[in-house]
Amino acid sequence: PRLRRRGPFAGTGRVSCEWVDHPGQRHKRIREGDAGGINTYRSYHQPRQPLRFHSSIGSPIDEVERYRRFRERPTQPAPDGLKILLVGELAFNPERVLAFEERGHRLYGLWTPTPADFNTVGPLPFGHVEDLPRAGWQDAVRRLKPDVIYAQLNWQAVPFAHHVLSENPGVPFVWHFKEGPFFCIKKGIWPELAALHARSDGRIYASPELRDWFAAACPEPTARPTLALDGDLAKREWFDGDFSRPLSETDGEVHTVLPGRPIGIEPETVAALAEEGVHLHFYGEVFHRRYGAWVEEVQRLAPGHLHLHPQCDQDAWVSEFSKYDAGWLHTFASENGGDLRRATWDDLNYPARLATLAAAGLPVIQRDNGGAVVATQTLARDLDIGVFYRDFGDLGEQLGDGRRMGELRANAQRHRPRFTFDHHADRLIAFFREAIAARA
């Protein structure tokens, strides 16, 4: 259509070229999705500066402005600072690792060559991380002599992390794993994941439930240092700013936010809640397109109660999402009956949106899976920040209970710091030193 505006087309009757479909095409590296996006593009082209990036089906990304505050900060190594080699990928909130640099530690990167769209790899757009070459990385590591290798995070990085573990020239190796063992089984890389669990000098798992699952699935005669810590926590600076006035104080209705995929939320769910005066605010153009049929059906069943918003970046989390009364986590019915061995990934996972909702001080909505082992359920009950529902009438009633929702919101605001990476950085450094000592 764009070319047609420049003039008419005329056929020659001859074949002058052919369209070939293969995974290495430039447009596939650029278009957001399972195989493309900014990190696939970055991994291949290795740009040495932050990008302004907007694919035809994605949201605009301005790394120049997003990370300016971090790039312009001076660095000062501490006398006892560690040399930390980051291996694999950093997923969401990659700038979190600068919490190490702010404490006087020096950062280096060695990145997986096959990232998915959400697997952040270097060259990192916020600076302060020196990359090692993939070709001949073993010699580069020997020259660098890092104090610890910190490998992470999701299943896409498992083969490369295992490669580095297998050819590691004697550096203490810490493995941090989030998502997820069942994906590794499906992709045929369970042996590599099991080796990372068994052979790493220190292991970190995203939730206590995931840690305990591995202890049951891969028992070992000799204990190794192990920690439970979410790998997708946000940098503290994104939690700065003032809260906004809730929309419910203006119109008297309940407003909930969905900052990601509508996992487990059926159109009939939104329609049932609409009858209770509950609105759903759905963010992200990528998700609007991906779930276009879902959006159309919800708009048909619950007119006036589904509100579409563009992507909300980190610097607006607090002001934008604090307008709502609660935020949606993944919705599912657990079937493990309290038996950890029957747990699924939904049961073990901390969704990345957990930190996003925490930034805005919001209670989190999830199905009541009482009697089952569910990581988000345990966390939300322990902190008293969760809205647990049995049916939609029950949920509407809870969301409309102003006194109780006020208590949950106050609890969520009080516990905000624990959802920042900075809050745990000193504990992580202590864990690295423990792993270093265990290898000595």
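1. A cavity here is a set of grid points where a 1.4 Å probe fits but cannot get out. In this predicted model, three cavities of 30 Å³ or more are counted. The largest cavity has a volume of about 50 Å³.

2. What lines the largest cavity? The lining consists of Leu354, Ala358, Leu362, Val364, Ile385, Ala412 and Phe419. By class, the lining has seven nonpolar residues, no polar ones and no charged ones.

3. Turn next to strand β6, residues 148-153. This strand is mostly covered, with six of its six residues buried. Strand β3 (residues 83-88) runs parallel to β6, and five bridges join the two. Within that pairing, Leu86 has Tyr150 of β6 as its bridge partner.

4. Strand β7, residues 173-177, also pairs with β6. Here too the strands run parallel, joined by five bridges. Leu153 finds its bridge partner in β7, at Phe177.

5. Helix α14 spans residues 292-301, and its buried residues are Trp294, Val295 and Val298. Why do these lie on the same side of α14? They cover an arc of only 100 degrees around the axis, so they share one side of the helix. Ala293, Glu296 and Arg300 are exposed on the other side of α14. Thus the buried side carries Trp294, Val295 and Val298, whereas the exposed residues Ala293, Glu296 and Arg300 sit on the other side.

6. Leu110 belongs to strand β4, residues 106-111. Is Leu110 buried or exposed? Its relative accessible area is 0%. The cut-off for buried is under 20%, so Leu110 counts as buried.

7. Leu110 and Ser322 are 212 residues apart along the chain. Their C-alpha atoms are separated by 37 Å.

Conventions
Residues numbered from 1 in each chain as written. Predicted model: local features only at pLDDT ≥ 70, side-chain atom pairs only at ≥ 80, totals over all residues. Heavy atoms only, no water. 1 Å grid on protein atoms, 1.4 Å probe; cavity = no way out; pocket = protein on both sides within 12 Å on 5 of 7 lines; lining within 4 Å. Points joined across faces, edges and corners; volume = space filled by probe spheres on them. Nonpolar A, V, L, I, M, F, W, Y, C, P; charged D, E, K, R; others polar. Buried < 20%, exposed > 50% of the residue type's maximum accessible area, 1.4 Å probe, protein only. Helix = DSSP H or I, 4+ residues; strand = E, 2+ residues; numbered from the N terminus. Pairing = 2+ DSSP bridges. Arc of directions from axis to C-beta.
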